[in-house]
Amino acid sequence: MSITKSELLRVLKKARVQQDVNNVSKFLGASTDTADKDTIYGAKAAAKAASDAAAAAQSTADAKVASVTAGNDGMTVGGTATAPTVGLQLSADAGNELSIKTGEGVKGLYYKAPAAAEYTVAKLTTASEGASASYQLQKDGTGVGAVIDIPKDMVVSSGEVKTFTEAGDYGAAGTYIVLTIANKAQDKLYIPADSLIEYVTSGSAAGDMVVVDVSADHKVTATITDGTVTLAKLTTDVQTKIGYIGDKAVSEQISDALKASEETVTDEEIAGIFAD
């Protein structure tokens, strides 16, 4: 069977179109192709995977610190934008005790604390004017702060017992304990003493051997009445001596009387006189 040229060309064109369709279908691939397939769908899958990876990378980058800066003059920032370094900056001002230790086991910021001050409260040798005593806080033996004065207001400098016959600022007439306060005004403090004193009176009468008298200001005196002391009130030794003196005086009187008498008096007659 023979065909014409025009029919042959038509058949060839149809075959070419079919070949192109087959090639296009093969190149397009399936929608399930993965990124490792050399198809359009594979390329699409690869592009999506790349896009997802880029989005994840961007998200990770956004979550990281964008930059580091020093918040104050005590910090320093160095290194690079992707690998910054942060350190401490110590002041070079005199008296700064801060330092950075680098030895093994002691690394880090170090502060040398000064020795603790010793605080005491001392009584001053000389009190302030108007004070009974003065005290001051001492730091390491040196006074600091204000002086603390203890006032004299209730310190007693002297005291006495006085009797007033008339009423006054102290109160009614009577006997008082008078205390002098050691302040500038030398104020007086009066304490009634009448209730503290138990008064006594004399129990003797005029003519008694010993007469006791209590005066208005409560002074007690004792007086011996003339001619009232009996021999019995004297000590034995004194009584003996007085008796000897008395006997001697009587003997002398009798002897004188006998010498002056013209009559004779016997010893028996004399003894009879003193028999009682």
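Me: In this predicted model, is Tyr 176 buried or exposed?
Reply: Tyr 176 has a relative accessible area of 5%, and a residue is classed as buried when that figure is under 20%. By this cut-off, Tyr 176 is buried.

Me: How many aromatic pairs does a search of the whole structure find, and what kind of pair do Phe 164 and Tyr 176 form?
Reply: The search of the whole structure finds six aromatic pairs. In the pair of Phe 164 and Tyr 176, the rings lie 5.9 Å centre to centre, with 65° between the planes. Because planes over 60 degrees apart are counted in this way, the pair of Phe 164 and Tyr 176 is edge-to-face.

Me: Which strands hold Phe 164 and Tyr 176, and how many residues apart in sequence are the parts that the pair ties together?
Reply: Phe 164 belongs to strand S8, which covers residues 156–164, while Tyr 176 belongs to strand S9, which covers residues 174–181. The pair therefore ties together parts whose separation in sequence is twelve residues.

Me: Why is the pair of Phe 164 and Tyr 190 edge-to-face, and where does Tyr 190 lie?
Reply: The ring centres of Phe 164 and Tyr 190 are 6.2 Å apart and their planes stand at 70°, so this pair is edge-to-face. It links distant parts of the chain, 26 residues apart, with Phe 164 in strand S8 and Tyr 190 in strand S10.

Me: What does Tyr 190 count as at 30% relative accessibility?
Reply: Buried requires a value under 20% and exposed a value over 50%. With its relative accessibility of 30%, Tyr 190 counts as partly exposed.

Definitions and conventions. Residues are numbered from 1 along each chain as its sequence is written. This is a predicted model: local features need pLDDT of at least 70, side-chain atom pairs count only at pLDDT 80 or more; totals for chains, interfaces and linings use all residues. Side-chain values use heavy atoms; hydrogens and water are left out. Rings of Phe, Tyr and Trp (its six-membered ring) pair if their centres lie within 6.5 Å; planes under 30 degrees apart count as stacked, over 60 as edge-to-face and the rest as tilted. Helices (H or I, at least four residues) and strands (E, at least two) are DSSP runs, numbered from the N terminus. Buried means under 20% relative accessible area, exposed over 50%, partly exposed in between (1.4 Å probe, protein chains only).
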